[in-house]
Amino acid sequence: MNLLKMSLLLSVALLSQECLAHICVNTSSNYKMFGSVLRSGALARGHELAFQDSHFLDHRQFAAETDADLAKQIENMSSGSCSIILGLFTSRECLIAGPIFKKNKLIGISSSCGHNNIKEFSPFLYTIIPPVSEFSDKISKYLGEKNDTGEIFVLYQPTDVYSATSFNLFKSKYKKAFVEVPIESDGQFDVNKFSKNKNGMITLVFFTYPLPSAKILVTLSDNHIISKNSTILGASCWTFDVSVFRPIRSILEKARDVLATDVLDWNQVKNSKFVADFNKKYNRDPLTIEILTYDVTLLSINCYKKSLIKSEYNINLFQNCMINTQHKGVAGSYSFNVGSPFAKRPLYLTHFLDRMQK
C-alpha cells in the first residue's frame, strides 16, 4: 500500500511539474524569413537570454514542422500545459494560431507579427510591434515628402501574406505614380520593367522578407540597376535579420542610400547594457529580432508573475497587466490599448548599413 501511495504521489508530482510550464516557446526554424538553420537560431536566443536573466524556470519549448503541426500543437496546449505561447514570428503563423488562442483562451505574444487582421483575436493575441499599416504609412509619408525620388519601383510577392498585405496598404495610401514589380515564389521577376530608366534617378521599395530580398538585389545588381542614382527602401522585416544581407553588403553600398523602417532607435539601443553584454558574449551586435524576443519574453514573465493568485494563474490579471502597464524593453517603451493587439510605439527610418557594422 505504501508503495502504491508513493507511486501515486510521484505521478501527481510529475504531472504538476508538466503543468507548470506556463510559458511555452515555439522554436521552429523559419526558412521563409531567415533562410537557414544557422540564422534561425537567432529566433530562440532572445527568449533563452531573458529566461536566464530572470532566473525563470517555468517554461518549455516546442517545435512544428508544418502549419498543420503548429495548429495541432497549440490546440493540444489548451489542456493546461501552456498558458502563454511565444515564438510566433510571421503574420502567417499568427493568423493560424489566433483562432485557436481565442477559442481556447490561451495568450499568444509575438515579437514580429504585424498583419492588421490579427486584431480579430484580441485580447488573446498581442504583438510588440505596430501593425504593418503603420510601416506602410511611414514609407508612403517619406516618399511623399521627397522631391528627388525619380521613378519609383515597388517590389512585392503576391503569394506571401505579409508582402501582399504591406503592398496593398501602401498602394491604398500612396497616390503618386509607381511601377509594380511582382515577385514570383522562386524570386524571379521581370527585369525589363527597369530597362527604360537605367540611367535616371530611381527608388526601389521592397515589401519582401530578407531572404527573397537578398536574391532580388543580386539580380538587380547583375543587371546594373543599382547605382548612386538609386535609393533603396527596405521592408520593415529587413532589420530583424541584417545577417542575410552581409554577404551582399557591396551591392547595397552601390546605392545612394539604403533605409528601412525599424521599431528601435539604434543610436540609443546600441549603448544599452543588453547590447554590451550581448557583444561580450557573442562578439557581435544583437539582431533586432533578438532584441524583440528578449523584450517579449521579459514582458511575458512580468505579466505572468502579476497574474498569480496563491500560485494559480489568472488570465484576467494577465490581460490587465498587458493593457494597464507602460512596458519598457531594450527596444524602448510601449503600451497596449484595450481592444488592440498592437503595441503603441514610435517607428524610425534606419540607415540600414549602420546596422551592419558587426
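**Entry 1: a salt bridge between R249 and E253**

I began with R249, which forms a salt bridge with E253, their closest N and O atoms lying 2.8 Å apart. I call a pair a salt bridge when a side-chain nitrogen of Lys or Arg lies within 4 Å of a carboxyl oxygen of Asp or Glu. R249 has a relative accessibility of 25% and counts as partly exposed, and E253, at 39%, is partly exposed as well.

**Entry 2: what I am working from**

I note that this is a predicted model, in which local features need pLDDT of at least 70 and side-chain atom pairs count only at pLDDT 80 or more, while totals for chains, interfaces and linings use all residues. Residues are numbered from 1 along each chain as its sequence is written, and side-chain values use heavy atoms, with hydrogens and water left out.

**Entry 3: the other salt bridges I looked up**

For the helix and strand names I rely on DSSP runs numbered from the N terminus, a helix being H or I over at least four residues and a strand being E over at least two. K103 is exposed, with a relative accessible area of 56%, whereas E75 is partly exposed at 27%.

I then turned to R256, which forms a salt bridge with D148, the closest N and O atoms being 3.1 Å apart. R256 lies in the loop between α10 (249-252) and β10 (257-262), and D148 in the loop between α7 (132-145) and β6 (151-156), so the pair ties together parts that are 108 residues apart in sequence. R256 is partly exposed, with a relative accessible area of 34%, and D148 is partly exposed too, at 33%.

I also found a network of salt bridges that links R45, R284 and E290.

**Entry 4: helix α4**

Why do I call α4 largely enclosed by the rest of the structure? Ten of its 13 residues are buried, so the rest of the structure largely encloses it. Just after α4, H55 takes a positive phi of about 55°.

**Entry 5: the disulfides**

I take a disulfide to be a pair of cysteine sulfur atoms within 2.5 Å, and by this rule the count comes to three. Counting bonded cysteines along the chain, I read the pattern as 1-2, 3-4, 5-6.

A disulfide joins C24 to C82, with 1.7 Å from S to S. The torsion about this S-S bond is about -80°, so the disulfide is left-handed. C24 lies in strand β1 (residues 23-26) and C82 in the loop between α5 and β3 (84-86), and the pair links distant parts of the chain, 58 residues apart. C24 is buried at 0% relative accessibility, and C82 is buried at 2%.

Another joins C94 to C113, with 2.0 Å from S to S, and with 90° about the S-S bond this link is right-handed. C94 is in helix α6 and C113 in the loop between β4 (107-110) and β5 (125-127), 19 residues apart. Both C94 and C113 are buried.

The sulfur atoms of C303 and C321 lie 2.1 Å apart and form a disulfide, left-handed with -75° about the S-S bond. C303 lies in helix α13 (residues 288-306) and C321 in helix α14 (residues 315-323), so the pair ties together parts that are 18 residues apart in sequence. C303 counts as buried at 0% relative accessibility, and C321 is buried at 5%.

I also looked up C237, which is buried, with a relative accessible area of 2%.

Terms used
Buried means under 20% relative accessible area, exposed over 50%, partly exposed in between (1.4 Å probe, protein chains only).
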